Amino acid sequence: MSSARPVVLSGRRGGTTHLEVELLASLPQDMRLIGGLAVMCRVGVPHRTTVDLDVITRGLDDHHESISGLALTSTGGGQYSFEGGLDLDVIDVAPESAEELLEVLSDGGLPVTDLELAVVAHTWAHDHAAPLDVVAVEDSTGDRLAEALGRLVATTVGLVVMKSAVVPLRASSKPEKRSSDLYDLGRLLTAGRPDRQEIATLPPTLREVTFGRLHDWFVDDSGRDRTYRDVRRFDEPLLDLDDVADAVEDLTAG
């Protein structure tokens, strides 16, 4: 029996949550769950629905054949399609640790770029993921639909640093993803209960950039105005930006 903490997610039989948990259970055990389903696991429901599954791993080439055998199609680059219209996106993280990466990237004295920071954030989140027993139940009856036991899921802090790293990369090419990432960040900060002890283990560069961006998006007046425009279309549940600002200030004061 798994000793991981259980998380119960409700949905419809044959619906997205049911299918996502089934797919998660079929993937190689060392893959780490990120993305919308991971956010649901960390903040609880209700939360915005997701239509695909995102995971990170180290050494995708070692898993490609087994995943391709389960998928309907594989377009390359870690992208797969499955029955039920479900897509899987697998991100391959660096072989080094986040700390080693930052040491190499900073060696020339130049600032770390947004893209490099995203690589560091995903690597750190991969190496600090924690196991959960993810269970999907039918919302009307409570019947168990699927379970993925002992799966490694990005922590709240891991999700915060990843999303903080990728939002600037979404600004022009994927504005809708910027909006959903900012909404997820707000929910993670207010409902996800970031672990202060875990925050203390972040590499200083990653921590400083993350805190600075959170302040710009949720505390600074002009930044909050833009964030409000971005996230107001998400209404389940509504995001109170005053609560998010308080959470950011409380977190960064510690």
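Biologist: What volume does the largest cavity have in this predicted model?

Modeller: The largest cavity of the predicted model has a volume of about 50 Å³. A search of the whole structure finds one cavity of 30 Å³ or more.

Biologist: What makes this space a cavity and not a pocket?

Modeller: A space is called a cavity because a 1.4 Å probe fits there but cannot get out, whereas a pocket is an open set. The cavity is lined by Val157, Val160, Val161, Pro194, Ile199, Leu202, Thr210, Phe211 and Leu251. Helix 6 (156-170) and helix 9 are the elements that give two or more residues to this lining. The largest share, three residues, comes from helix 6.

Biologist: How do the residues of that lining divide by class?

Modeller: They divide into eight nonpolar, one polar and no charged.

Biologist: How much space lies in the largest pocket, and which residues lie nearest its centre?

Modeller: The largest pocket holds about 930 Å³ of space. Its lining has 39 residues, and those nearest the centre are Asp54, Asp89, Ile91, Arg170 and Lys177. Among the elements that give two or more residues to this lining are helix 2, strand 3, strand 6 (86-92) and helix 7 (175-191). Helix 6 supplies the largest share, six residues. By class, the pocket lining has 15 nonpolar, 12 polar and 12 charged residues.

Biologist: Why is helix 5 called roughly perpendicular to helix 9?

Modeller: Helix 5 (residues 114-127) and helix 9 (residues 204-218) pack at an angle of about 110°, and their axes are 11 Å apart. Angles of 65 to 115 degrees count as roughly perpendicular, so helix 5 is roughly perpendicular to helix 9. In this packing, Asp114, Leu117, Val120, Ala121 and Trp124 of helix 5 meet Leu206, Val209 and Arg213 of helix 9. The contact has six nonpolar, no polar and two charged residues.

Biologist: What makes helix 7 roughly perpendicular to helix 9?

Modeller: The axes of helix 7 and helix 9 cross at roughly 105° and come within 12 Å. This angle also falls in the range of 65 to 115 degrees, and therefore helix 7 counts as roughly perpendicular to helix 9. Helix 7 makes the contact through Arg178, Leu182, Leu185, Gly186 and Leu189, and helix 9 through Leu214, Trp217 and Phe218. The residues of this contact divide into six nonpolar, one polar and one charged.

Biologist: How do you know whether valine 51 counts as buried or exposed?

Modeller: Valine 51 has 60% relative accessibility, and exposed means over 50%, so valine 51 counts as exposed. The residue lies in the loop between helix 2 (35-43) and strand 3 (52-57). Not counting residues up to four places away in sequence, valine 51 touches Thr16, Glu20, Gly85, Leu86 and Asp87. Valine 51 and serine 140 are 89 residues apart in sequence and 21 Å apart in space, C-alpha to C-alpha.

Biologist: Why is glutamate 22 called partly exposed?

Modeller: Glutamate 22 has a relative accessible area of 40%. Buried means under 20% and exposed over 50%, so this residue, in between, is partly exposed. Glutamate 22 lies in helix 1 (residues 16-26). Leaving aside its neighbours within four places in sequence, glutamate 22 is in contact with Leu145 and Ala146.

Biologist: How far apart are glutamate 22 and arginine 144?

Modeller: The two residues are 122 residues apart in sequence and 12 Å apart in space, C-alpha to C-alpha.

Conventions: Residues are numbered from 1 along each chain as its sequence is written. This is a predicted model: local features need pLDDT of at least 70, side-chain atom pairs count only at pLDDT 80 or more; totals for chains, interfaces and linings use all residues. Side-chain values use heavy atoms; hydrogens and water are left out. Axes are lines fitted to C-alpha atoms, for helices over the stretch in contact, and angles run from 0 to 180 degrees between N-to-C directions. Helices (H or I, at least four residues) and strands (E, at least two) are DSSP runs, numbered from the N terminus. Angles under 35 degrees count as roughly parallel, over 145 as roughly antiparallel, 65 to 115 as roughly perpendicular and the rest as oblique. Contact means heavy atoms within 4.5 Å. Ala, Val, Leu, Ile, Met, Phe, Trp, Tyr, Cys and Pro count as nonpolar, Asp, Glu, Lys and Arg as charged, and the others, Gly among them, as polar. Buried means under 20% relative accessible area, exposed over 50%, partly exposed in between (1.4 Å probe, protein chains only). On a 1 Å grid over the protein atoms alone, a cavity is a set of points where a 1.4 Å probe fits but cannot get out, and a pocket is an open set with protein on both sides within 12 Å along at least five of seven lines; lining residues have an atom within 4 Å of a point. Grid points are joined across faces, edges and corners, and a volume is the space filled by probe spheres set on the points.
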